[in-house]
Amino acid sequence: MPYGHDSGPSGLEYLSFLIRRIQKGMRMDSDLRVNADEVTVHEQRRRHPHMILIFIAGLVLLGYVGVCVFLYAKQEWLLFRPTKLASDHVFVFEHEFEEYNIEVEEGIALNALLFHADQARGVVYYLHGNAGSLNGWGHQANDFLENGYDFLVIDYRGYGKSMGSITEEVQLYNDVQQVYEWLTERYREDRIIVVGFSIGTAPAAYVASKNAPKHLILMAPYFNMISLAKQSVPFLPGFILRYPLKTYVHLQACAAPVTILHGDEDEIIPYNNSVRLSEYLKEGDHFITIRGAAHNNLSGHEDYKAAIRTLLIE
């Protein structure tokens with residue numbers, strides 16, 4: 001897998017595939033015959049149409065409940081696709097960096113890499129996408145280092161060399177806030193730029209709304225996880241999701257300047273998510289469309305690099 005790529009909504013796509021197969025199976029007419037009375041299934045339907053309808057409705061309801069239970073129980077598997085690394089794994093990058101294990105809870109530490117730029121003007125706090133580990137996401141440092149910013153990237157619980165596992169939204173938000181506070185002990189807050197990519201955008205917006213960073217940059221964000229999930233499973237009840245991840249709510253509470261960047265050919269988090277989010281931008285915020293960019297090649301486009309360059313030299 002190329003550096004710093006999301007796995008995409010593979011779990012939701014698989015779930016949607018299973019649902020379509022169930023629905024297809026329910027539509028198939030049976031050609032079986034009842035041996036006892038030598039009465040065909042079609043004759044039975046004519047005699048007892050209401051019983052057939054009740055039977056089919058029961059199957060549909062049972063399938064629907066089963067899908068909801070599966071989704072509720074397997075949300076972490078659907079949303080978070082970590083790559084684990086051995087505790088003695090040695091990172092290798094072209095730029096200078098330091099490795100930290102930042103305690104976010106007693107007995108739980110998140111693995112982090114802090115890259116250093118020459119004569120840094122500040123630091124970028126980067127919250128990555130839903131797949132992989134720092135082994136790949138560390139390469140995202142280059143564009144920021146070249147423009148005079150140090151770069152801190154963390155692995156969430158269960159990713160890479162980080163301890164524990166993600167079990168609830170509040171826990172995820174608390175973790176990224178704890179790391180932000182660790183960062184403020186080393187950098188002035190007005191020199192911290194919070195950046196979120198893909199699934200990292202809601203946590204990034206949350207952190208920016210609770211603190212006073214210099215800037216918030218959201219790359220390929222989603223409006224909220226409920227609306228994104230419904231694109232794969234349209235009939236999904238919102239209350240089933242334990243990770244609503246409401247980016248738009250945190251965006252409204254963010255006093256810092258905000259910039260949204262999104263490729264208009266994003267196949268994983270559709271571009272219209274950012275269009276909806278742009279309605280919550282305040283005066284002075286920016287929404288930048290990267291023409292021709294998909295989800296996993298956003299950072300490779302020259303328009304993206306130019307936008308980052310402009311934002312960092314302001």
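Modeller: Contact here means heavy atoms within 4.5 Å. This is a predicted model, where local features need pLDDT of at least 70, side-chain atom pairs count only at pLDDT 80 or more, and totals for chains, interfaces and linings use all residues. Residues are numbered from 1 along each chain as its sequence is written, and side-chain values use heavy atoms, with hydrogens and water left out.

Colleague: Is Tyr125 buried or exposed?
Modeller: Tyr125 sits in strand β6, residues 122-127 (strands are DSSP runs of E, at least two residues, numbered from the N terminus). Leaving aside residues up to four places away in sequence, Tyr125 touches Leu152, Val176 and Val207, among others. Buried means under 20% relative accessible area, exposed over 50%, partly exposed in between, with a 1.4 Å probe and protein chains only. At a relative accessible area of 0%, Tyr125 is buried.

Colleague: Which are the edge strands of the open sheet?
Modeller: The sheet has 8 strands in the order β4-β5-β8-β6-β9-β10-β11-β12, with mixed pairing. Two strands pair if DSSP finds at least two bridges between them. Pairing on one side only marks the edge strands, β4 (97-105) and β12 (286-290).

Colleague: In β11, which residue is the bridge partner of Leu218?
Modeller: Strands β10 (residues 215-219) and β11 (residues 258-263) run parallel and are joined by 4 bridges. Within β11, the partner of Leu218 is Ile260.
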